[in-house]
Amino acid sequence: MPRVLIIDDQKDVRAMVAIVLRVNHFEVVEAESGAAGLKAFAESPFDAAIVDIFLGDSSGVDVIATLRERAPALPVIAVSGMTALDFMDQSPHFANVVGLQKPFRPNDLLHALRKAQAAAGGEMSAAV
């Protein structure tokens, strides 16, 4: 079962994303901050990460950069409700990061996850 790390400071968003993923046979770990997400990532392996760009304690951009330094091929979805995600082209840490604008539907999330996995050169083993 693929493991996905969700880093978002909004509890409702984390819960919705987690439900969608669990229903689709993913193991999910939720983190309410960038620091908690990076700690979870350091403690065990993940097959993908979903990171909010605007976190209360840190920048999602910095969190994604750190994740990519530790695991360059990690499939990543950058989520934002406040800004266009076109700035992502400007950093090598954002190569193949898939942007997802809030609000989004469950199918949008699953499509973004498939796209992120394909961009990273693999396939999710769950039925997405």
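Start by selecting D52, which the UniProt annotation "modified residue: 4-aspartylphosphate" (unreviewed entry) covers. UniProt positions follow the numbering used here, feature names are shortened, and annotations may be inferred rather than shown by experiment.

Before going on, keep in mind that this is a predicted model, where local features need pLDDT of at least 70, side-chain atom pairs count only at pLDDT 80 or more, and totals for chains, interfaces and linings use all residues. Residues are numbered from 1 along each chain as its sequence is written, and side-chain values use heavy atoms, with hydrogens and water left out.

**Around D52**

Colour strand β3 (residues 48-52) and you will find D52 in it. Helices (H or I, at least four residues) and strands (E, at least two) are DSSP runs, numbered from the N terminus. Is D52 buried or exposed? D52 is buried, with a relative accessible area of 4%; buried means under 20% relative accessible area, exposed over 50%, and partly exposed in between (1.4 Å probe, protein chains only).

Now show the residues in contact with D52, where contact means heavy atoms within 4.5 Å. Leaving aside neighbours within four places in sequence, these are I7, D8, D9, G60, V79, S80 and K102.

**The whole chain**

Zoom out to the protein chain, and its secondary structure comes to four helices and five strands. Along the sequence they follow the pattern β-α-β-α-β-α-β-β-α. Of the 128 residues, 47% count as buried.

**Helices α1 and α4**

Next, select α1 (residues 11-23) and α4 (residues 106-119), which pack at an angle of about 70° with their axes 10 Å apart. Axes are lines fitted to C-alpha atoms, for helices over the stretch in contact, and angles run from 0 to 180 degrees between N-to-C directions. The two helices are therefore roughly perpendicular to each other (angles of 65 to 115 degrees count as such, under 35 as roughly parallel, over 145 as roughly antiparallel and the rest as oblique).

Show side chains here: V17, V20 and L21 of α1 meet P106, L109, L110 and L113 of α4. These contact residues divide into seven nonpolar, no polar and no charged. Ala, Val, Leu, Ile, Met, Phe, Trp, Tyr, Cys and Pro count as nonpolar, Asp, Glu, Lys and Arg as charged, and the others, Gly among them, as polar.

**Helices α2 and α3**

Finally, pick α2 (residues 34-43) and α3 (residues 60-70), packed at about 10° with axes 10 Å apart. This pair is therefore roughly parallel. G34, L38, F41 and A42 of α2 make the contact with V63, T66, L67 and R70 of α3. By class, this contact has five nonpolar, two polar and one charged residues.
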